[in-house]
Amino acid sequence: MSASAAMRQERERWEAQRRWARAGFAYLLLILFSLLFLGPLLFAALSSVKTDPLGYPPTLLSPQLAPANWAAAAKLGREGAKAPLWGGFAPGANVNVELTYFVPQGTEAAAPTATVPRRRPGGGLGAVQQIDYAADYAVVAPVVEVGRRAGVHGADAQAGEFVTYRVTVTYPGAGPKVDRLPLDVESASRAIEFVSSTLPPTRLERLGLVASFQAVTPGALGYLLGNYRRVFTEARSVTTGDSLFMRWTWNTFVYAFFRVVVTLFIATTAGYALARLRFPGRNLMFLLVLFAQMVPMQVLFISNYLVLRDGIWGLSSLWGQATLLNSLPGLLFVTALNAGPVFIMKQFFESIPREVEESAMMDGASYWSRFSRVVLPMARPALGALIILSFQGAWNDFFWPLVVLTTPEDIKTLPIGLLTFRNVYGNSGDWGLILAGAILSALPVIVLFIVFQRYFMEGVTYGGGKE
Amino acid sequence: MRARGREFLPALMFLLPFLLVLAVFFVYAGVRAVYFSFTDYDLFNAPQWVGLANYRALFSDDRFLTALRNSLLFAAIVTTFQTIGALLSASAVNRRVRGMTFFRSAFYMPAVTSSVVITLIFLWLFQRLGGINYLITAVSRNAPIILTFVIVMVLAQGLQVVVERWRLRRRLRGAGQQRTVSLLDPALLAVALVAAIIVTTALALLGYLAPREVQNVAINWLQTRQEVPASFPFWLRVPLPLAAIMFQNIFTTIPTYMLMFLAAMQDVPRSQYEAAALDGANSVQQFFYVTVPALQPVTFLVVTLGLIGTLQMFDQVAIFGSSVPLQSVITLAYFVYNRMFPGAQLPEVGFASAAAMFLALLTLIIVTLQRTVLRAEGER
């Protein structure tokens, strides 16, 4: 008896061990898979703050993510334009940057030379703008030595001295506020090696001889989110000078909003008719809806492009548009053909018991009031999902905006605007700006997803539950 | 019958918005595409009827044949890998644990962002100095360490399983209990994992294990017409930029399909696995004889969606755009667009329409074929 009890006890312990181990491995696997799938997105988000996201070898962290540098950037921003957050270079500025060099024994210490170069920030779309150059207003004071201590440096522990110099840049008199103050500090000789500075330089040029700062007074946010600011400020419309990225974001919001309205209207009305009303040709109609989901867009876009070009046989000239190409109404017309939501609403209406409607019918209510007062309020959960998912669909829509919205840049939506970014900045290797733009454009749907996860996940499992 | 007539007018009113859109942008567009495909039309001169000439010309057009080859290879390879990948990863994470909802959302999150965002990120990763090449370099540099880790873990696990089986057999002799130690026994695996970590770290600290000296990998994934090297099987020999798009597509579609599989897996009754276990089926056998058959309907759906999605792949080609040679990535869908908007040349509307019709037909045939084959497979 006791032997079997001991056996049972032993077995229970065995099982418990395995339960714990199994759960542990389950979480380990789940975490690994999450990291794998989220990896590219997270890595891109971390890299989007780097000055050069193609720096080799790639790292997860960058100087931009170090709080000590935020503090230095805020101090310099305050000195440059009394703006600790976003920095700049304004009249009255008195910017002090300290740089430390290593002078090996036997070498004469000599002060580096500092210059404010006349450098245009980035290329691409920013190149057409008129900008003020800090170089035209800045005065560089003679470089002074502020400290000196003995020490060893480098892998071979070379003996020598660390000498710290202060570079002072001022903005005397009046003038415009300039967005950034670039600075190049050139070491006196190759033997004297740059070690550190108040704010890390953007890059070391000419084999470490020149410490080059893209903006030496960035402000804390300007330092961390420099690429993000460039997304908004650098790409500007040729005609109005507005920020293109702002326009694209606004356009995408407007497009997504109206797309949701159109989808809701068409899907509920058509879905209701297909689910509830009996009329000749109903089955044919339903087959057509199913068929419309399967035909590739490439078959339809040729004719649809021409129809839009001619303003739907001149119909659009009624409201003063000769063509519907390059216009939001055109985009809304052509994307109104979306059979999926019709199908979903039809399914949903069929799940509402007829009796509910029949009680309303007794009162002699019209079809419209039966639809709008009885059925539609009951469909609220389905409508919620439809709103969220069609907003996301419109926000991410690529093909039709690409075909319909071509010129000028001002009318584009975010996805095709990002394509402009790729064409303009990708070829010059300026990926910081592209990644920042991509992450920014993804933010609204990611927030939407986090808030309304349930709707999205139901969408996936609904796909799986079909058939 | 009376109801039918009475409801005709209201039905028409309700359907009118949708009907108008359907008529103009679907029926009319479809009919016109068919018509255009039999004509020679450049948007400026009136269409000229040319019969089947466009369709014949398709098959002597080098660009079209390249696009066709790319599309077919893309569809076959991507659908295969994404389906198998999704199925395997779903069964790996198919655990009934707390917080599953959180992880499912985490898996799905990249899929809610736009194709442009994801493609741009991958375009960046595939640069010559980008993350993918670095990852390859890092793995090949640390190969000795990784290999040692794996070998130690496998050995430790094998040893433990043998010992445990022997001990169990001795202890259970005559006790009338049926119990066995599986090869992937989680408790033993945890011990093996710890052992592998300790041994590898110790060897590395003692200086017996060090990363290899290897050159930085700098594969040119994008600006090239080069194909995957000949050491790969012939059906994988695609242009490198297309391989990059394939990798991206497989990687980014797996989570979505994996969630579909996962939802279906959680519906498979536990009793089926228990019955199989009683019959002595190990976890691999359970996977092939219980899980796979039960998932047949979802597999069906996943393959269909995968085939349609891959055969009509357009976005990535358009987004890679000028950063890759067109012929290395062109697909049928992009071919149609390219002939319609050829930039400086005259659009070839008729030719583009014929290619579009071909694409639609190809999709239809392949999907039908797949459904017939899979259905027959399921009934066997």
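This briefing covers the chain contact, cores, helices and backbone details of the structure above. The model is predicted. Chains A and B meet in a contact that takes 82 residues from chain A and 85 residues from chain B. The largest nonpolar core has 169 residues. Chain A has two assigned domains, 63–233 and 244–428.

**Contact between the chains**

- Chain B puts 85 residues into the contact, and chain A puts in 82.
- On the side of chain B that touches chain A, helix α1 (residues 2–36) of chain B gives the most, with 21 residues.
- By class, that side of chain B has 63 nonpolar, 16 polar and 6 charged residues.

**Domains of chain A**

- Domain 1 of chain A runs over 63–233, and domain 2 of chain A over 244–428.
- The centres of these two domains, taken over C-alpha atoms, are 53 Å apart.

**Nonpolar cores**

- The largest nonpolar core holds 169 residues.
- The residues with the most contacts inside this core are A:Ala438, B:Leu120, B:Ile121, B:Phe261, B:Val336, B:Ala355 and B:Ala356.
- Helix α9 (residues 240–265) of chain B supplies the largest share of this core, 15 residues.
- A second, separate core has 38 residues, including A:Tyr137, A:Ala138, A:Tyr171 and A:Ala211.
- Sequence neighbours within four places aside, B:Ala356 is in contact with A:Gln298, A:Val299 and A:Ile302 of chain A, and with B:Ala33 and B:Val336 of chain B.

**Buried helices**

- Helix α15 (residues 332–340) of chain B has 9 of its 9 residues buried, so this helix is largely enclosed by the rest of the structure.
- The buried residues of α15(B) are B:Leu332, B:Ala333, B:Tyr334, B:Phe335, B:Val336, B:Tyr337, B:Asn338, B:Arg339 and B:Met340.
- B:Val336 is in this buried set, and B:Val336 is also among the residues with the most contacts inside the largest nonpolar core.
- Helix α4 (residues 226–233) of chain A is largely enclosed by the rest of the structure, because 6 of its 8 residues are buried.
- In α4(A), the buried residues are A:Gly226, A:Asn227, A:Tyr228, A:Arg229, A:Arg230 and A:Val231.

**A helix pair in chain B**

- Helix α3 (residues 62–93) of chain B packs on helix α12 (residues 296–311) of chain B at an angle of about 145 degrees, and their axes are 9 Å apart.
- The crossing of α3(B) and α12(B) is right-handed.
- From α3(B), the contact uses B:Ser71, B:Phe74, B:Ala75, B:Val78, B:Thr79, B:Gln82, B:Thr83 and B:Ala86.
- From α12(B), the contact uses B:Thr299, B:Val302, B:Val303, B:Gly306, B:Leu307, B:Thr310 and B:Leu311.
- By class, this contact has 8 nonpolar, 7 polar and no charged residues.

**A buried loop residue, A:Phe398**

- A:Phe398 sits in the loop between α13 (380–396) and α14 of chain A.
- A:Phe398 counts as buried because 20 other C-beta atoms lie within 10 Å, and the cut-off for buried is 20 or more.
- A:Phe398 and A:Ile416 are 18 residues apart in sequence, and their C-alpha atoms are 6.7 Å apart in space.
- Sequence neighbours within four places aside, A:Phe398 is in contact with A:Pro415 and A:Ile416 of chain A, and with B:Ser114, B:Ser115, B:Val116 and B:Asp315 of chain B.

**Cis peptide bonds in chain A**

- The peptide bond from A:Tyr56 to A:Pro57 is cis, with omega near -5 degrees.
- A:Pro57 lies in the loop between α1 (2–47) and α2 (67–81) of chain A.
- A:Thr407 and A:Pro408 are also joined by a cis peptide bond, with omega about -15 degrees.
- A:Pro408 is in the loop between α14 (399–404) and α15 (414–426) of chain A.

- A:Lys82 is not a glycine, yet has a positive phi of about 55 degrees.
- A:Lys82 lies in the loop between α2 and β1 (94–104) of chain A.
- A:Lys82 is exposed, with 12 other C-beta atoms within 10 Å.
- A:Asn326 also has a positive phi, near 55 degrees.
- A:Asn326 lies in the loop between α8 (311–314) and α9 (328–335) of chain A.
- A:Asn326 counts as partly exposed, with 18 C-beta neighbours inside 10 Å.

How values were computed
Residues numbered from 1 in each chain as written. Chains lettered and ligands numbered in written order. Predicted model: local features only at pLDDT ≥ 70, side-chain atom pairs only at ≥ 80, totals over all residues. Contact = placed C-beta atoms within 7 Å. Helix = DSSP H or I, 4+ residues; strand = E, 2+ residues; numbered from the N terminus. Nonpolar A, V, L, I, M, F, W, Y, C, P; charged D, E, K, R; others polar. Domains from an automatic or database assignment. Core = buried A, V, L, I, M, F, W, Y, C linked by C-beta atoms within 7 Å. Axes fitted to C-alpha atoms, helices over the stretch in contact; angles between N-to-C directions. Left-handed = near helix turned anticlockwise from the far one by under 90°.
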